[in-house]
Amino acid sequence: MAAITLNGRLLEAEAGEKVLDVARRNGIPVPTLCHHPGLSAYGACRLCLVEIKSGFRPGLVSSCTMPAIDGLVAETESPAVKSARKLVAELLLARAPQSPEIRALAAGLGAEPTAIPKKDELCILCGRCVRACSALGVNAVSFVRRGVKRRVAVPFDKPSEHCIACQACVSVCPTGAIKAKITHEKVEMVEWQARRELQRCAVCQTPFVTAGQRDLVERTVEAGHQPLGALCPKCRRLETAKAYSMWEPASGVSG
Amino acid sequence: MKIKDADSIKRLAESSRQLLTPSVPRIAVGMSSCGLAAGAQSVMEAFQVECGRQGVECRIVATGCLGFCGAEPLVEILLPGKAAFVYGPVEENRCADMVAELREGRLPRDNLLGRREVGGAEIEDVPPLSDHPFYKGQIRIVTRNLGLIDPGSFEEYVACGGYQALAKALGAMSSEQVIDEIKSSGLRGRGGAGFPTGLKWEMTRKSPSSPKYIIMNGDEGDPGAYMDRSLMEGDPHALVEAMIIGGYAIGAQTGILYVRAEYPLAQKRLREAIGQAKEAALLGRDILGSGFDFDLYLVSGAGAFVSGEETALIHSVEGRIAEPDPRPPYPSEAGLYGQPTCINNVETLANVPVILDRGAEWYGGFGAEKSKGTKLFCLVGEVARTGLVEVPLGTPLAAIVHGMGGGGRGGAAVKALQTGGPSGGCIPSEAFDLPADYEALQKMGSIMGSGGLIVLSERTCMVDTARYFLKFTREESCGKCTPCREGIDYLSHVLDDIVAGKGAGVNLDAIEQVSRGIAAASLCGLGQTAPNPLMTSLRHFRAEYEAHVTENRCPAGVCSALLHISIDPQACTGCTACVAVCPVSAISGTKKEPHQVDQSLCIKCKACEDICRFNAIRVV
């Protein structure tokens with residue numbers, strides 16, 4: 001079992017844990033933006049910086065990627081950490097001044113609007129959407145260009161063939177920069193130029209899933225399990241319950 | 001021909017020696033990219049045509065670069081039984097005369113730089129090349145074969161002792177012994193950071209997982225730096241040999257030469273070398289009967305400065321976007337495809353064969369206490385003699401700039417030196433007694449970097465220079481992390497404003513603070529060092545910044561938006577030379593009477609200043 005020292009407190013670290021995990025598990029607050037517990041560590045936003053004092057090369061590192069090495073001594077609120085986080089917040093605030101989330105985050109870190117010229121972006125290039133799409137095995141979106149011209153896009157900015165309109169990107173985006181228009185019969189991913197019809201539930205005929213989503217679920221469920229992609233969540237629940245109990249609804253399936 | 005053991009290498013070396021010292025004159029034309037750009041191709045063709053036409057029997061070969069870029073195209077003529085004579089620049093139209101002189105048994109004298117001894121009779125009145133100011137003080141270890149051998153010839157490399165270090169390593173040394181030899185030589189990474197090479201090899205070797213990989217980082221991207229290109233183009237087999245030795249040392253069976261796409265000739269020469277080594281069975285299975293298997297592949301870079309960063313380079317080799325990952329894990333633990341990987345710079349590797357050949361002790365005899373051996377520097381910018389120099393580490397900067405470089409171009413006073421390219425900083429001329437080693441440069445806030453030395457003269461504006469480098473890193477940042485992407489974009493715009501005369505509200509202290517923040521918070525070396533040009537020039541030349549910001553004045557007379565060009569009516573003779581040369585017709589006046597500049601038209605190109613013979617143009 002490894003042990004690290006954070007802000008003077010000796011804390012145990014489990015195998016494979018990062019400094020951020022240990023901090024959060026012990027109630028030590030560390031701001032993050034590109035970090036998401038369900039996605040791979042990325043280290044891009046630089047808000048979760050902590051200062052290594054000893055046990056590794058001293059200096060600022062991103063705690064979301066820094067392994068909790070035995071004997072590591074780090075500070076989460078040192079003057080160097082605070083001023084670096086404040087700079088990062090100021091830069092993000094200048095990039096996305098309209099984003100309520102970024103404004104709240106900046107205010108929490110003592111960052112105010114500065115001389116840095118304002119841009120009018122919502123996307124702060126944290127890459128959560130790219131990593132979510134990749135984790136699902138879809139890889140419909142990726143970063144393109146570099147430096148200030150970097151952005152998230154579908155290949156060649158042509159209507160995406162690969163997006164399955166699952167909206168995982170929407171749900172992980174911290175600033176609401178990705179838009180999905182959902183109607184009764186279809187989902188439209190605005191930025192990815194993907195319009196997908198919703199398929200109907202095999203039982204109740206309610207449109208509920210895109211074909212790509214259904215295929216993805218069927219491809220990825222463990223072998224031996226009955227594919228349930230053709231049923232809406234409600235009917236799936238009832239079908240599953242049926243298999244385990246003698247209970248049957250009195251008359252068909254309704255609300 | 002397959003080479004099966006160490007003895008056959010020695011035999012081949014023996015039988016190939018006549019290629020380098022043939023019984024007829026050997027005319028070697030420097031045909032690296034630099035030579036080609038200066039017209040070496042037509043010089044070589046002219047020699048071929050003239051030798052045929054005048055019936056002079058010669059061996060004409062294309063070689064790498066002798067380093068003296070300012071005197072390209074460079075030609076070396078080796079006369080059997082005498083010496084080799086180096087000429088430069090050699091114009092195409094001089095070739096006929098030179099061949100005629102050779103035919104008549106006379107030594108061509110025009111643009112003769114010096115003689116290189118090849119064990120024959122000396123010609124007393126021609127000084128050795130090593131006495132030429134450009135070469136004086138240089139020690140050619142890494143560049144030992146550049147300009148001497150035909151990089152396309154496996155035999156010529158072997159004739160110069162090539163692949164004997166490999167035979168020694170595979171035949172008489174264990175992997176650990178090879179690592180120990182490199183460790184005790186004191187060799188440090190020449191890519192910039194100066195990490196001890198032997199230690200890097202050892203860490204990769206000790207990493208428990210396998211397979212392991214060794215990668216040559218040939219993604220040289222600093223503006224004005226071309227050390228690695230010259231090595232790859234001029235001595236490709238040295239790198240192939242070093243990679244096999246490195247693979248043997250760390251326990252890798254696969255090596256990758258990562259060469260940037262902008263270096264097609266380097267790629268071509270390395271591909272040829274790989275092919276020849278394969279044919280000679282120096283790559284493949286059971287090399288030299290040692291039981292060691294090793295293969296080498298060339299991967300073309302994707303054209304980004306950031307792909308020289310180790311983790312970004314790995315992504316690029318894997319076919320992904322070249323963007324860095326935070327470390328740890330280091331590539332020595334988890335690199336290419338998650339496996340232990342050792343990445344060495346081109347120049348670092350070029351040192352390896354010679355260290356094994358002549359021993360760590362011999363190598364340690366060159367250089368400074370903590371920086372052993374030599375370093376290649378590309379001496380460019382406002383300097384009288386430009387070129388690639390190889391000097392022992394610890395050589396004072398003054399010896400390089402004023403000695404080899406001959407001081408400022410056209411007699412201009414040298415103001416500073418930019419070391420380490422866009423990641424480095426400037427060093428003011430007052431500090432030129434500083435030794436060129438890793439620690440000394442770092443103490444000055446600069447870095448050794450890969451070895452670019454850009455000379456800045458009194459005609460260079462420090463703000464404009466910083467602006468150039470920040471614009472470069474702004475465009476070359478991968479954009480992954482916030483401080484580098486947004487922060488450098490901001491700094492770059494501030495510098496744009498200052499040189500455009502819109503810097504009135506700029507707070508220099510605040511800029512300095514943002515720079516420090518970017519350096520501390522960025523993910524990789526690119527962002528961590530990108531503010532260096534700005535921070536060091538602010539530190540050493542703050543007055544120049546203040547003149548721009550508070551007085552709206554560019555002391556070096558470079559930033560055109562801050563310049564005011566007028567004509568001194570006392571000095572002007574009305575010769576109208578400036579009227580003729582002004583591209584925007586901003587100058588008017590009656591002949592033989594003082595002229596005037598229309599400020600609304602003037603684009604501040606200073607063409608009038610260049611042409612005026614009466615010193616009548618005022619630039620303030």
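1. A:Asp157 counts as exposed, because 12 C-beta neighbours lie inside 10 Å and a residue is exposed if 12 or fewer other C-beta atoms lie within that distance of its own. This residue belongs to a predicted model, and the points below should be read with that in mind.

2. The backbone of A:Asp157 also deserves a look. Its phi is near 55 degrees, which is a positive value in a residue other than glycine. To find A:Asp157 in the structure, go to chain A and follow the loop between strand 7 (151-153) and helix 5 (168-172).

3. Which residue of chain B has a phi near 50 degrees, a positive value, without being glycine? The residue is B:Ser585. B:Ser585 sits in the loop that runs between helix 23 (577-581) and strand 16 (587-588) of chain B. Is B:Ser585 buried or exposed? B:Ser585 is exposed, because 9 other C-beta atoms are found within 10 Å and the exposed class covers counts of 12 or fewer.

4. Chain B has a cis peptide bond between B:Gly88 and B:Pro89, with omega at about -10 degrees. The proline of this pair, B:Pro89, is placed in the loop between strand 4 (83-87) and helix 4 (95-103) of chain B.

5. Another cis peptide bond joins B:Arg327 to B:Pro328, and here omega is about 0 degrees. Where is B:Pro328 in chain B? B:Pro328 lies in the loop between helix 12 (310-317) and strand 9 (341-345).

6. Next comes the contact between the chains. On the chain B side 25 residues take part, and they are in contact with 27 residues of chain A. Three helices of chain B each supply at least two residues of the side that touches chain A: helix 17 (462-476), helix 18 (482-499) and helix 19 (508-521). Which helix of chain B gives the most to this side? Helix 18 does, with eight residues. By residue type, the side of chain B that touches chain A divides into twelve nonpolar, six polar and seven charged residues.

7. Last, the confidence scores. For the model, ipTM is 0.91 and pTM is 0.92. Chain B has an average pLDDT of 94, and 100% of its residues score at least 70.

Technical notes: Residues are numbered from 1 along each chain as its sequence is written. Chains are lettered from A and ligands numbered from 1 in the order in which they are written. This is a predicted model: local features need pLDDT of at least 70, side-chain atom pairs count only at pLDDT 80 or more; totals for chains, interfaces and linings use all residues. pLDDT is the predictor's confidence in each residue, from 0 to 100. Helices (H or I, at least four residues) and strands (E, at least two) are DSSP runs, numbered from the N terminus. A residue is buried if 20 or more other C-beta atoms lie within 10 Å of its own, exposed if 12 or fewer, and partly exposed in between; C-beta atoms are placed from the backbone. Two residues are in contact if their C-beta atoms, placed from the backbone, lie within 7 Å. Ala, Val, Leu, Ile, Met, Phe, Trp, Tyr, Cys and Pro count as nonpolar, Asp, Glu, Lys and Arg as charged, and the others, Gly among them, as polar.
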